[in-house]
Amino acid sequence: MTPEYRDGRLRCKGGGLVDRGHISVPPEVIFGRDGELKALAAFAQGACRGQAGCVVLTAPAGLGRSRLLDALADHAHGLGMTVLRGRCTPGGTGYAGLRALTTAPGPATAPADAPHALPAPEAAGPFALAAAYPVLHGLYRHAVGLMSRGPLLITLDDAEHCDEHSLRWLDFLLRRALGQPLLIALGRRFGAEPAGGGAWTDLATQPATTAMCLAPLSGEAIGELVRHRFGGRVEPSVAARVAAVCGGNPRTAIRVVTELRSQGAGPDGGGGRRADELGGRLLGRSVSALLADRPHWARAVAEAVAVIGADCTEQVAALAGVSAPRAQEGVAMLRCAGALDPDGPGVLHPAVRAAVLEPLGAVRLAALHTRAALLHSDAGRPAAQVARHLLLVPGTPRPWMVPVLRAAAAEAEQRGAFTLVADCLRRVLEADPADGGARLRLALALAQADPVSAVPEFRAALAGARDAASSAAVAVQYAVACLTVPLAPACRTELLDALTGAREALGPEQDVDGRLRRQLDCALLIVGRGPAAVARVTDRPAAPTVHRSGPPVAPWEHALGALRIALSGHSSETAVAAARRVLAVTGQRGRGGWPLIAAGVALVLADETTDAAKALDLVVRSTQDEPASWTGALALAGRALLLRRCGALDEAITAARSAIEAVGATDAPGADARLVTPRLVLAATLVDRGETRQAEGLLARVGGSVALDGAGLERQLYLFTHARIRQAAGDADAALRALRECGSAQRASGVVNPVFLPWWVETCLLLGERRHGTAGRELAEQGGELARRWGTPRALGLAALAAGAVTPGPEGIDLLARSVQLLLVSPARAEHARAEYVLGQALLCAGDLPGAREHLREAVGLAGGCGAFALAGAARLQLIRCGGRMPEITASRADLLTGAEQKVAELAASGTSNRQIARHLFVTVRTVESHLTSAYRKLGVGRREALAEALRDPGWSLVEAG
C-alpha cells in the first residue's frame, strides 16, 4: 500500500492513515486530532520497545475521548500487542474495574483467565494492602505472562468510576514494570471526582504517567466533520455556524447536523440559520447536564462567569465565593465543554448563559449583578462596564448607582454609543424624574438612532423648561433632531409655537451674543413657519460668531448655521466656512451624526463635492453597525443626492438602494418614514435614467407611507420629483402645477437657495417649450438674482439656462451659450448636458444646423456618460432631425462614441501611443487627443488604462425600484 501526503496527512488508497508514529484510522472516524493520535502512537511504540508508561486522557463528554482510545487499541493490534479493554461503571467495588477488562480480539490474543482468580466483590471489603497483596501479586504474575508473549496494552474508559482495588493494582503493576512492554491508557471525564480517591492520586503522580487534556476542536476540524456528515459540498457559512454553536464539541456538531438533516435542512444558508438555534439549545442542555453532576462550587463559578465573564479569575472567584484555584478549574471545565464563545475567550455562549442563569430567579440574579457592579467599581473598571450590571438590576436605582450611570452615559456619548447612553439615562430618570438635563440628553441620544422615539422625551423636556433660554435650547434641539420625522399635527404645532414663543420671550440678558436667536431662526427656517419667520432669517446672513467671553461654539451650532445660510441662499463662502469647521472638529472624532449631515448638505449645495463626500462618508462609516438607523439612512440618501448632482447616476442609485435595503431589512418602528428620503432621491434619479414607471411606483409608496404635508424639506422634494415624473410622462400642465406648488412650499419655509430643487429653472424650461416665454421672464429674473447672491457656477449657469429658455432670438441663444460655459466648469454634468441640449434645440429652430448638430452630439455624449438615458435619447432624436447620424441609444457606453472616437479609443486601449494612432488614421496628434478626451468623458473614465474595460462593458443594468 503506497502512501501519499495530502491535506496535511499521509493517506493510502484505501482511505486509512499510514505514517510511522501515527495511528492508522479511517479519516471519517476522527477529525482534528492528528497531534493526539501521533502522541498515542508514540506511547504504543515506546511500550513495544520496553518503555512502560501510563497515559490519562481527560476530556468532557463528547470531545472524542473514547474514539481516541478505540483508535489506540486498533493501532496496538497492528503492532502485535495484546489488548485488554474495559469501561468502568459507577458504584463498582472490589476489583470491578479489572473484572470489566476483556481480551480484545487481535493478532496477539491470549486468554484472560485472571479475573476468575479475583475474590468476589462482597468478599473484597475495604482496601488493605496486607490483605490485598496476594491478589495484587497474582495479577502481576499474570500480566508478566502476557508480556512474555508480546507487548501489552490495558485501556480503561470512564476511569473516574474505577474502584480503589483496581487502581491500586494498576499502580502496583506500573511500579514494577520498568523495562517491560506495557502501556496503560485511562480515559477520564473532565471535572469528575475520581471514585478511587488517594489511589488515583498515587497512580496519576507516578513519573511514568502522562496526562493528556483534549481541547475543543478547531472550527476547521468541525467544518470537515460537517462536510463529511452532509456527504457533499457545504456552504462555508453553514460549517462556520455549526462550529460556532457547538463550541468545538464533535458530538454536539454531529447531533446538530443529524437534526438538521431530519428537518430537511440542507447545507445552505437556511441550514446555517437553523443551526444557530438548534446548536445553542443542545449546547445549553449539555452544559446544564454537566453542571448537574458537578459539586456546588462548579455551578457557582459558572454563574459568576455568566454574569461577568472569565477574563479575570480573581473577580470570578470573589463573585462565586470560592478560592482562586477552584475558579480556574471551573473556567477550564467550561472551556473544555465548549461553553465559552470562541470569539470572546471570557464570554459564555449566549445559549449557555441563559441555561445557567435561568434557574436563579430574579432576586438572586439582581443580587449577583449588584455584587458584580461593586467588584468592577472597586477594581477601577470603566463606568460603562459597571453600568452594564446596574442596568440589569430592577427597581429604582440606589443613590450610589446614579453617579455611576451618569458617568457611564458621558463615556458612551464620547464613543457614540447612543443606545447605552439612552439606557443609562432612563435609569437616572427613574431615580430623579425632574432632572431636565438628563431628559434632554436622553432625547438627543434617542434622536441619533430613532427620532420617533425621541419625540415624547423632547416634549417632556420642553414642558419642564424653567425659563425662556431653557425653552429655546430644547426647542432648537427638538426641531433639528426631528428634521426628517413626520411629526403629528399636534406635535408640529407645539414645536412651532415653542420656537416662536421662545424667540419672543428671549430677553437680552438671556442671550448676550444673539446665539440663541440665530439658532431659533434657523430652526424656524428648517421646519417652515411663514413669511414673518422667513423675513427674520433671510435678513441675517452671518455665520455663528463667538465672543471671547462666551463659551465655545459647539459643532452642532456651526452645522445649524451652515445649513441655515445654505438653505436661505446667502453667501456660499460663509456656508462653506461654517461647514468646514464642523468637519474639522467632528471629523477628528470619527463621529458626528446629524451635524456632519447638515454640514454635508451645505457643502453639496455649494458644490464642494470633495468635502461633502468626506462628511457624508464619515457618517456612513460611523453607522455601519446600525445602517438602518435614521442617521445611517439619511447619510446614504445624502451621498446619493451628491452623486446625482455630480452626474454619477449609477452610483447614486446604488447608494439610495443601500439605504432602502438596510432599512427594509428591519421591522423597527418608523421604518416607512425612514425610507421617504432615500426613495425620493432614488425616484428622482430613475427619472433621469428614463425609468419613469419605476419612479412612479416609488413615489406612490412614499405618498402612501407617510403624510407629506406642510412646507418641510421632504414635502418639497416630493413635489419636485412628482413634477419631473409628470414632465417625463408628457403631462406638462400637471408638471407646472407641481412645480408651482413646490415653489410655494419653498417660499413658505424660507428655503430660497436657487440650486436646492430648482423648480424655477424647470418651470422656465417648460414655459419656453410651450412658447410662453413672457410668463417666465419675471421668474427667471428672480431666480437670477438669487443665483448671483449664491454665486456658484452651477447657480449662475442655471440662471442663464432659465433666462435663455424664455428669451427668444439671438439674445436667448447667447444666454444658453453662457449657460453651457458656466456649467462646464461646475460638477453639474447632467445640467451641462441639459444646457447643451436646449442650446442645440434653439440653434435648430434658428436654422443653424451645424451648430445644432455640434451641441446635440455633445448633449448625447454627456447625458449618456452620466447614465441620463432619457435626455440622451431625446438629444439623439433632435440630432437626427438636423441631419446628424448616431446609432440607437442603449445602456452601452461604447454606443455613445462616434466612429472616429471608437477607433481612437480602441487603439489607445491596445497600448498604441497618440503619435502612432495619428499616423495610423492619417490625422494630427491634436485630433487624437481631442477624440480621446471626448471618449474619456462619454465612457466615464479618467485614465488610459481604464479604456479597455469600459469598451468591454456590456452596459448598465436597469435598477429595480425598491
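A residue is called buried when its relative accessible area is under 20%, exposed when over 50%, and partly exposed in between, with a 1.4 Å probe and protein chains only. By that criterion, 54% of the 962 residues of the chain count as buried. The model is predicted: local features need pLDDT of at least 70, side-chain atom pairs count only at pLDDT 80 or more, and totals for chains, interfaces and linings use all residues. Residues are numbered from 1 along each chain as its sequence is written, and side-chain values use heavy atoms, with hydrogens and water left out.

**Overall architecture**

- The chain contains 47 helices and 8 strands; helices (H or I, at least four residues) and strands (E, at least two) are DSSP runs, numbered from the N terminus.
- The chain has an accessible surface of about 40700 Å², and carbon and sulfur atoms account for 53% of that area. Such areas come from the Shrake-Rupley method with a 1.4 Å probe, and for residues only the protein chains shown count as cover.
- A contact means heavy atoms within 4.5 Å. Of the contacts in the chain between residues at least 6 apart in sequence, 65% join residues at least 24 apart.

**Nonpolar cores**

- A nonpolar core is a set of buried Ala, Val, Leu, Ile, Met, Phe, Trp, Tyr and Cys residues joined through side-chain atoms within 4.5 Å.
- The largest such core comprises 166 residues, and those with the most contacts inside it are Phe458, Tyr478, Leu499, Trp790 and Leu801.
- Helix H22 (residues 468-481) supplies the largest share of this core, 10 residues.
- There is also a second, separate core of 36 residues, which includes Ile308, Ala310, Ala317 and Ala337.

- The expected span of a helix is 1.5 Å times one less than its number of residues. For the 13 residues of helix H10 (residues 250-262) this gives 18 Å, in agreement with the 18 Å between its end C-alpha atoms.
- Pro250, Thr252, Ala253, Val256, Val257 and Leu260 are the buried residues of H10. Viewed down the axis of H10, they fall within an arc of 160 degrees, so they line one face of the helix; the arc is that of the directions from the helix axis to the C-beta atoms.
- An α-helix has 3.6 residues a turn, so residues three or four places apart point the same way.
- Helix H28 (residues 594-605) has 12 residues and reaches 16 Å from its first C-alpha to its last, close to the 16 Å expected.
- Because 11 of its 12 residues are buried, H28 is largely enclosed by the rest of the structure. Among these buried residues are Trp594, Pro595, Leu596 and Ile597.
- Asp607, which follows H28, has a positive phi, near 65 degrees.

- Gln878 belongs to helix H43 (residues 869-881) and is buried, with a relative accessible area of 13%. Not counting residues up to four places away in sequence, Gln878 touches Tyr837, Gln841, Leu844 and Leu856.
- His832 is located in helix H41 (residues 829-845) and is buried at a relative accessible area of 6%. With residues up to four places away in sequence not counted, His832 touches Val820, Leu823, Leu824 and Leu862.

**Cysteines**

- A disulfide is a pair of cysteine sulfur atoms within 2.5 Å, and by this rule the count comes to 0 disulfides.
- Cys54 is buried at 1% relative accessibility, and Cys742 is buried with a relative accessible area of 0%.
- Cys312 lies in the loop between helix H12 (296-308) and helix H13 (313-320) and is buried, with a relative accessible area of 18%. Its C-alpha atom is separated by 9.7 Å from that of Ala327, 15 residues apart along the chain.

**Loop residues with positive phi**

- Tyr95, a residue other than glycine, has a positive phi near 65 degrees. Tyr95 sits in the loop between strand S4 (82-87) and helix H3 (96-99) and is buried, with a relative accessible area of 2%.
- Asp158, also other than glycine, has a positive phi near 55 degrees. Asp158 is placed in the loop between strand S6 (152-157) and helix H6 (164-175) and counts as buried at 16% relative accessibility.
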